[in-house]
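Here are some notes for a first reading of the model. Please keep the sequence and the 3D view open while going through the points.

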Amino acid sequence: MLDKEPSVHVVVLNWRTADMSLGAAEAALVAMAGIDGGITIVDNDSGDGSFEHMQAEARARGWLDRGRVAVVQSGWNGGYGAGNNYGIRQNLPDGRRADLVYLLNSDAIPAPDAIRALMEHLAQNPRAGIACSRLSGPDGEPHHTAFRFPSAAGEFEAASRSGPVTRLLKGKVIAMPQPATTCRVDWSAGASMMIRMDVLDGVGMFDEGFFLYFEETDLCRRAAQAGWQTHYVVESAVEHIGSASTGMKEWRRIPDYWYDSRRRYFEKHHGRAGALAATAATLGGEAIWRLRCLIQRQQTGVPPGHLMTLARHALRRQPMPIHVEKGRP
């Protein structure tokens, strides 16, 4: 343990889930008991009265009077990364700059000791720059959020859904087996993620070119390139509904921003040729899967038009502009 415990800035990003965000903030306040810091709730330009509702509720609950919570309006919906960057830049409600930032999704409820568990883990592991929680659904079922960095081989394995391919490429499988103990991972979900401010000072904040998806993968990769590790901390338990703002569970068609983010990630870290190779690997893996489904006379489960849209986005001539939010948050 450190002689002086670090301060923690909790950022809760809201987009049209005001009551859920208030619930996440309330749970975070309990988990922040005895910890120096505060909470910033960011409304990402919901346009549905969320900001006013959350401000009124925070005031009615006495949060604003105690200076422990701030409710702010980003002014535009630039996506997950831009919204969290805005919150991080606000600093603590009392104006101080925190040592650690803790990102908490609006649909995530940390256990009373979840934030402290991440703090203590970072204190005990100086090479760890990012620590993420063990997420589970309201039913207690674990959410599998321990991952390797995406690669062409990993894309092929995931798309093929084939036991022999998985065994052949076991070291490239993107989704790692559910960890039973705290361990190092390449990246994990940003629903409950603690980051040293030193990391953000060194590698920059979220790349705001990602509207949604792949932004935390990119941040963890940049941190790794700078010598920092990302750890999955099983002692930090968080209940997570999942996709409350995005509606991903009800998607009938994958939105364009997912394809844009995927391409951006691969072009940024593997170049144009590497991004095309990853898409070719996905298409090859899907061919294996579809052949199997044809033989077994079963549905593929792939959204209509997915492969055509994936190929079209990959083959667009214009390059994806690469932008990273640099400098001191």
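1. Which residues lie nearest the centre of the second largest pocket? They are Pro6, Asp99, Leu100, Arg196 and Asp198, from a lining of 13 residues. A pocket is found on a 1 Å grid over the protein atoms alone, as an open set of points where a 1.4 Å probe fits, with protein on both sides within 12 Å along at least five of seven lines; lining residues have an atom within 4 Å of a point. Helix 4 (114-124) and helix 7 (197-203) are the elements that give two or more residues to this lining. Helices (H or I, at least four residues) and strands (E, at least two) are DSSP runs, numbered from the N terminus.

2. The second largest pocket holds about 220 Å³ of space; a volume here is the space filled by probe spheres set on the points, which are joined across faces, edges and corners. Its lining has eight nonpolar residues, five charged and no polar ones. Ala, Val, Leu, Ile, Met, Phe, Trp, Tyr, Cys and Pro count as nonpolar, Asp, Glu, Lys and Arg as charged, and the others, Gly among them, as polar.

3. A word on the source. This is a predicted model, in which local features need pLDDT of at least 70 and side-chain atom pairs count only at pLDDT 80 or more, while totals for chains, interfaces and linings use all residues. Residues are numbered from 1 along each chain as its sequence is written, and side-chain values use heavy atoms, with hydrogens and water left out.

4. Strand 10 (residues 192-196) is mostly covered, with five of its five residues buried. Buried means under 20% relative accessible area, exposed over 50%, and partly exposed in between (1.4 Å probe, protein chains only). Ser192, Met194 and Arg196 are on one side of the strand, and Met193 and Ile195 are on the other.

5. Which strands pair with strand 10? Strand 4 (residues 100-105) runs antiparallel to strand 10 and is joined to it by five bridges; Leu103 has Met193 as its bridge partner. Strand 6 (residues 128-136) is also antiparallel to strand 10, with three bridges, and here Ile130 stands opposite Ile195. Two strands pair if DSSP finds at least two bridges between them.

6. How many disulfides does the structure hold? The number is zero, where a disulfide is a pair of cysteine sulfur atoms within 2.5 Å. For Cys183, the nearest cysteine sulfur is that of Cys132, 11 Å away. The sulfur of Cys220 is too far from any other for a bond, because the closest cysteine sulfur, in Cys132, is 5.7 Å from it. Cys220 is buried at a relative accessible area of 0%, whereas Cys183 is partly exposed at 23%.

7. Ile109 lies in strand 5 (residues 108-110) and is partly exposed, with a relative accessible area of 33%. Ile109 and Ala28 are 81 residues apart in sequence, but their C-alpha atoms are 7.4 Å apart. Leaving out residues up to four places away in sequence, the contacts of Ile109 (heavy atoms within 4.5 Å) include Gly23, Ala27 and Val238.

8. Two backbone angles deserve a look. Most residues other than glycine have a negative phi. Asn91, in the loop between helix 3 (80-89) and strand 4, has a positive phi of about 65°. Arg161, in the loop between helix 5 (152-160) and helix 6 (163-168), has a positive phi near 50°.
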